[in-house]
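Hi there,

Here is the structure I promised to pass on to you. Have a look through it first, and then read my notes below.

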Amino acid sequence: LDANVPLNDLTITGAAGAGLNANLGLVVSPLVLNGTLILDNTQSIFNSNNINVTIKGNMDNSGTYNFGTNTTTFNGGVQVITGNSVTSFNNLNVLSTNSLTVNNDFSVNQNLFIGSGTLILGNKKVMLSGNLVNNGSYTDDNTSGGISFSGTTQQQITGTGAYGKLEINNNAGARLNNGIMLQNDLVLTHGLFDINSNLLTLSQNSNIIGVPGITRMIMSDGV
């Protein structure tokens with residue numbers, strides 16, 4: 001598929017009963033949808049071929065979304081990710097004017113950028129391998145949901161948005177680049193949380209969870 005103008009809805013439907021896959025791949029142009037992307041069943045396969053995808057509607061994924069090294073952007077109003085499959089991403093941009101709600105735990109292999117709107121996680125967890133820029137907000141149930149920093153090199157946290165639950169689960173740690181306020185818990189599983197000279201504020205609903213140790217603590221530069 002090569003479309004150099006925005007499309008509305010895009011539906012991919014494989015012949016599930018016959019076991020025949022429907023494979024759709026992008027060729028040159030980034031895909032821009034003003035409507036919804038639907039992967040209808042397990043035989044429905046979307047290959048980005050490392051080309052960026054922008055969705056203004058919803059994403060209904062019961063098939064396979066092969067993101068490659070692309071960036072997937074949600075920039076509509078009230079948006080939801082549904083379907084029977086786990087939908088993970090390479091880079092994920094949340095630019096919704098209202099909200100994006102997810103239906104499963106999922107992974108972001110590179111960076112998560114929340115530029116506007118609210119990423120609604122509920123009881124779902126994001127396993128983030130790259131950096132977080134949050135100038136919008138994300139919310140969760142403060143139990144099983146939240147954002148887990150799960151990379152292998154030090155991860156960066158930037159942005160003055162609203163933060164829910166945050167877990168440090170990276171032996172290389174995470175570094176805070178500006179002051180933030182957590183609305184929910186801070187979980188220290190593995191790695192140092194380096195807040196530098198920035199202010200980390202915990203709300204009345206927040207707890208620090210985890211047994212402090214030499215490789216698992218909050219660290220500052222002493223200023």
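Let me start with a definition: rings of Phe, Tyr and Trp (for Trp, its six-membered ring) count as a pair if their centres lie within 6.5 Å. In this model, which is predicted, Phe46, Tyr65, Phe74, Phe89 and Phe106 form one aromatic cluster.

A search of the whole structure turns up five aromatic pairs. One of them joins tyrosine 138 and tyrosine 163, whose rings sit edge-to-face, 6.0 Å centre to centre and with 80° between the planes. This pair links distant parts of the chain, 25 residues apart: tyrosine 138 belongs to strand 16 (residues 137-140), while tyrosine 163 lies in the loop between strand 18 (155-158) and strand 19 (166-169). Both tyrosine 138 and tyrosine 163 are buried.

Six strands make up an open sheet with parallel pairing, in the order 12-14-17-19-22-25. Strand 12 (106-108) and strand 25 (208-209) are at the edges and have a single partner strand each, so one side of each has no neighbour in the sheet. Strand 25 runs parallel to strand 22 (residues 186-190), and two bridges join them. Across this pairing, valine 187 stands opposite isoleucine 209 of strand 25.

Strand 25 also holds isoleucine 208. Together with Leu202 and Ile218, Ile208 forms a nonpolar patch on the surface, with about 220 Å² of accessible area in total.

Happy browsing!

Conventions
Residues are numbered from 1 along each chain as its sequence is written. This is a predicted model: local features need pLDDT of at least 70, side-chain atom pairs count only at pLDDT 80 or more; totals for chains, interfaces and linings use all residues. Side-chain values use heavy atoms; hydrogens and water are left out. Two strands pair if DSSP finds at least two bridges between them. Helices (H or I, at least four residues) and strands (E, at least two) are DSSP runs, numbered from the N terminus. Patches are made of residues with over 30% relative accessible area and no salt bridge: like charges are joined within 9 Å, nonpolar side chains (Val, Leu, Ile, Met, Phe, Trp, Tyr) within 5 Å. Accessible areas come from the Shrake-Rupley method with a 1.4 Å probe; for residues, only the protein chains shown count as cover. A salt bridge is a side-chain nitrogen of Lys or Arg within 4 Å of a carboxyl oxygen of Asp or Glu. Rings of Phe, Tyr and Trp (its six-membered ring) pair if their centres lie within 6.5 Å; planes under 30 degrees apart count as stacked, over 60 as edge-to-face and the rest as tilted. Buried means under 20% relative accessible area, exposed over 50%, partly exposed in between (1.4 Å probe, protein chains only).
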